[in-house]
Amino acid sequence: MKTDRQAIVWVSAGALGLLTLVVVFFVSFNTPRSISAESPGVLPDPTMIATTSLAAEVPSSPLPELVVPRLPPVDYSPGSIGAACKVNEFPPYHWYYDLDAETRRSLENSPYDSTGDWKEIKECEAALERHIYAINPYLWGVQDENTRKIRSFTLIDIDNPLTFERLFTDPLGDFARVQEVFARPECQLRQDADSNWNLNETCHAESIFNYALIMWFCYDDGVSNRTRQYYWEEDNPTPEQDRAMWLQRMENNWVRRKCETLDPNLDLQAPMHTELRQQILALQVHDYEHYENAKGMKSLDMALVELAARLGDDAAALTQSHGGPGFVGQGYKYGPLAGWFTDVFHPTELFIKHPPSVERIRQLVPLFANNLVANGGKAIKFDHEALVQHFCVPPYYTSIYDKDPVPEPPSCREIVNELRQELHDNQTFLDLIATFEEVAMRLDVYE
C-alpha cells in the first residue's frame, strides 16, 4: 500500500508540474517583450500594421467635388452655333484646359466624350455646317481690317464666289478633273506661257482651285494655320471672348472631321501620285521651294492656285499672298483681273485701309462706275457697300513705326464736300461722288 500511495503522489506531482509548465509557456508566449539592440528579433511588417490599423480605425475620405465655374451667358440668336451647340453650358476655356485630360472628359458639361471625341449633337452639327459652308476660306477667322492680302475677296464680287461649300461639294470629282487636266497638253501652261482665260471651263480651272484648297486644309495643316483670335488667361477674357475661343475650336474640329471623310487617294503625297506631283511642280511660275513646309507641299498648293488663275478662275485670280496663315497663292498677277490691277494701280493702294483723304477718294471713286472692264474684256463688279465701309469706317491702318499720336481723320462727308468743290465742272465725277454719298448715307457711316 505504501508503494501505491507513493506512486500516486509522484503522478500527482508530475501532473501538477506539467500543468504549471503549460500555463507558464502560454502566458510567456502571449506577453509582449522588449527586444534590445543586443538581442535582435524578427519585427512584424510595419506595412501590414499600417494597413490593418488604418483600415480598421481611419475611414477613407472622399475627394472633394470639383466645382465648375459658370460664366454669364452670351446672347446667341436662334439657329446660331452658340445656341444650337449650347456653348453657354461649356466650362470656361482656360479653366477647362488647365485640368488633366481625364478630369476634363469626366465633366458633365465637357464638350468632349470619354474617348476624347467631340460630342455630336444633331442640331449643333447642322448649325456648324450652315455656318462654315458660307465662309470664304481666305476670310476664315479674319478680323483684322489691316490685312490687305484678303481685301480683294471682300471688295470684288464674282459670279462663283469661293466658299467651303464649293470646296466640299465634290472633292473626288474635282481631283479626277485635275488628273484629266494633266493628261491634256493644251491645259498645261508652262512657265513661259501666257495666261489663257478662255480655257476656264474646258481645262477645269475651278476644280483645280478647289482641289488646291482641299490639299491646303486637309493635308497641309491649313486648319492649324488659319487666322484665329486668342485671349490669354491673364487678360481676363470676357464671356464673349471666352466663348469665341470655343467656337473657333468647334469650327476647326468640324473641318477636320469633314477632311477625315474624304477618300485617302485624294492626298497628293500618296506614292501613287509621284508623277502628278512632278507635273504640277513643272508648271509653277516661281520657285517656291523656300516656302515648303515639313511635308514639302506648300509649293504644290501654290502652283495649283496660280495655274487655276492662269486658266481663268475668278476666285483664284483674287489670291494675293506667298503663303502664311490661311493664305496660298499669287493668282492676282495672272488671272482675268491682272491687267486692271497692274495698269490702274497696285492692289496695295486700294486694299490697305488708309483713312479717307481727298487724294484717296479722287483716285478710287471711279470704282463706283457700273462699267469697269479689265484688260481682256473682263468686267469687274465692286461691292459698293464694302467699298464705302473700307473708306469711311475705322479702324485704319497705322504703321508700327509711328511714334506720334495719329490725328483724328476727317469724315467722309468732309472729304466729299471738298472734292465736290474741286471737281465742280466734271459731271462724270460728280455722278460717281453722288453714288458714293448715297451708299455712305444709307449705311450711316457718312459723318
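Biologist: Which hand does the link of C85 and C124 have, right or left, and how do you know?

Modeller: The angle about the S-S bond is 90 degrees, and the link of C85 and C124 is right-handed. A word on the source: this is a predicted model, where local features need pLDDT of at least 70, side-chain atom pairs count only at pLDDT 80 or more, and totals for chains, interfaces and linings use all residues. Residues are numbered from 1 along each chain as its sequence is written, and side-chain values use heavy atoms, with hydrogens and water left out.

Biologist: What makes the pair C85 and C124 a disulfide?

Modeller: A disulfide is a pair of cysteine sulfur atoms within 2.5 Å. C85 and C124 have an S to S distance of 1.9 Å, so they form one. The search of the whole structure finds 4 disulfides.

Biologist: Why is C85 called buried?

Modeller: Buried means under 20% relative accessible area, exposed means over 50%, and partly exposed is in between (1.4 Å probe, protein chains only). C85 has 3%, so it is buried. C124 has 1%, so C124 is buried too. Of the 447 residues of the chain, 42% count as buried.

Biologist: How do you know that C187 and C203 are bonded?

Modeller: Their sulfur atoms are 2.0 Å apart, so the pair meets the cut-off for a disulfide. The angle about this S-S bond is -80 degrees, and the link of C187 and C203 is left-handed. Both C187 and C203 lie in the loop between α9 (171-181) and α10 (205-219), so the pair ties together parts 16 residues apart in sequence.

Biologist: Which pattern do the disulfides follow?

Modeller: With bonded cysteines counted along the chain, the pattern is 1-2, 3-4, 5-6, 7-8.

Biologist: What makes R257 and E125 a salt bridge?

Modeller: The rule asks for a side-chain nitrogen of Lys or Arg within 4 Å of a carboxyl oxygen of Asp or Glu. The closest N and O atoms of R257 and E125 are 2.7 Å apart, so the pair passes. R257 lies in α11 and E125 in α6, so this bridge ties together parts 132 residues apart in sequence. By this rule the count comes to 13 salt bridges.

Biologist: E125 and E186: buried, partly exposed or exposed?

Modeller: E125 has 18% relative accessibility and counts as buried. E186 has 43% and counts as partly exposed. E186 forms a salt bridge with R184, with the closest N and O atoms 3.0 Å apart.

Biologist: Why are α6 and α11 called roughly perpendicular?

Modeller: Two packed helices are described by the angle between their axes and the distance between the axes. Axes are lines fitted to C-alpha atoms, for helices over the stretch in contact, and angles run from 0 to 180 degrees between N-to-C directions. Under 35 degrees counts as roughly parallel, over 145 as roughly antiparallel, 65 to 115 as roughly perpendicular, and the rest as oblique. The axes of α6 and α11 come within 10 Å and cross at roughly 90 degrees. They are therefore roughly perpendicular to each other.

Biologist: Which residues make the contact of α6 with α11?

Modeller: Contact means heavy atoms within 4.5 Å. Among the residues are C124, E125 and L128 of α6, and M250, W254 and R257 of α11.

Note on methods:
Helix = DSSP H or I, 4+ residues; strand = E, 2+ residues; numbered from the N terminus.
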